[in-house]
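Please look through the sequence and the structure below before reading on. The report that follows takes up aromatic rings, a pair of packed helices and the confidence of the prediction.

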Amino acid sequence: MEMGTFLPYVSVSLDGRSSLANLGNDILHKAGYTARRKIAESDVWPMLPAELAMRGIFVIHIDETQHLLKSAFEREKLDSSLKGLMNDPEWPMRFILSGMPETNDLLVSDEQAERRNFSVELPAIDMNQERFLVEKIIRQLCKEAEFNCEALITSDVPERIAHAANYQFGRTVEITLSGIQECAMAATSELIREHFAKAYLYHSHARGRDDMNPFLSDGWASLRPGYYIIEKEKMIGKAK
């Protein structure tokens, strides 16, 4: 009988409002569980081995894991829940945890977890050696949008982008996408520095302070790296 294809993993992304109960429910629903009611934390984790085994899922990716590590108590609960699934005799799971560097706090606080894991930490972008990475991000994203970016790449804008992103790979992608969005809204096919300057105004506290905008200030290199994206909670609060 033709069964079709299936994915042997699920991927969930956490936010600041995450809890262990929400994580268990998210995993369950991403695996294909269709019941709408939210299942209590004490019930959902014991359900997972059988539900995941039935669907052939043996890898779980949890992104932004640091949101569940706000206290030693929460770290201990998460650690216990993950080890419970990893040690299940019928269907042992494997986990990929990604997020900010504090995700490693889960590992160094538990000897068993530390012994079983393999960690990879992405270093900050070194623009002296890795400018080509930022160029590649800009070119590939502009190619999808059918925008021209060669003049921009030969300028110092890639350095400004990396600086605004605190030299983090993921945030460099975010900032580039923000500039491309402004370019699209301007109905032009040439990505220029002004598109990033405008995007920065929408995603930072620099409105009315051109000297604090790394895409407008001549002294951008002296500004503190980062501070690009406003936290969602702050944006919601300002809207109210």
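## Aromatic rings

A search of the whole structure, which is a predicted model, finds 2 aromatic pairs, where rings of Phe, Tyr and Trp (its six-membered ring) pair if their centres lie within 6.5 Å, and planes under 30 degrees apart count as stacked, over 60 as edge-to-face and the rest as tilted. One of them is the stacked pair of Phe196 and Phe215, with 5.5 Å from centre to centre and 25 degrees between the planes. Phe196 belongs to helix 10 (residues 193–202), while Phe215 sits in the loop between helix 10 and helix 11 (232–239), so this pair ties together parts that are 19 residues apart in sequence; helices here are DSSP runs (H or I, at least four residues), numbered from the N terminus.

The rings of Tyr200 and Phe215 have centres 6.1 Å apart and planes at 65 degrees, so this pair is edge-to-face. Because Tyr200 lies in helix 10 and Phe215 in the loop between helix 10 and helix 11, the pair ties together parts that are 15 residues apart in sequence. Tyr200 counts as buried at 5% relative accessibility, and Phe215 is buried with a relative accessible area of 0%, where buried means under 20% relative accessible area, exposed over 50% and partly exposed in between (1.4 Å probe, protein chains only).

## Two helices in contact

The axes of helix 6 (residues 127–145) and helix 8 (residues 157–164) come within 10 Å and cross at roughly 95 degrees; axes are lines fitted to C-alpha atoms over the stretch in contact, and angles run from 0 to 180 degrees between N-to-C directions. Helix 6 is therefore roughly perpendicular to helix 8, since angles of 65 to 115 degrees count as roughly perpendicular, under 35 as roughly parallel, over 145 as roughly antiparallel and the rest as oblique.

Met127, Arg131, Val134 and Ile138 of helix 6 make the contact with Pro158, Glu159, Ile161 and Ala162 of helix 8, contact meaning heavy atoms within 4.5 Å.

## Confidence and conventions

The protein chain averages a pLDDT of 84, and 85% of the residues score at least 70, pLDDT being the predictor's confidence in each residue, from 0 to 100. Over residues 229–240 pLDDT stays under 50. Where pLDDT is low, the predicted coordinates should not be read in detail.

Residues are numbered from 1 along each chain as its sequence is written, and side-chain values use heavy atoms, with hydrogens and water left out. In this predicted model, local features need pLDDT of at least 70 and side-chain atom pairs count only at pLDDT 80 or more, whereas totals for chains, interfaces and linings use all residues.
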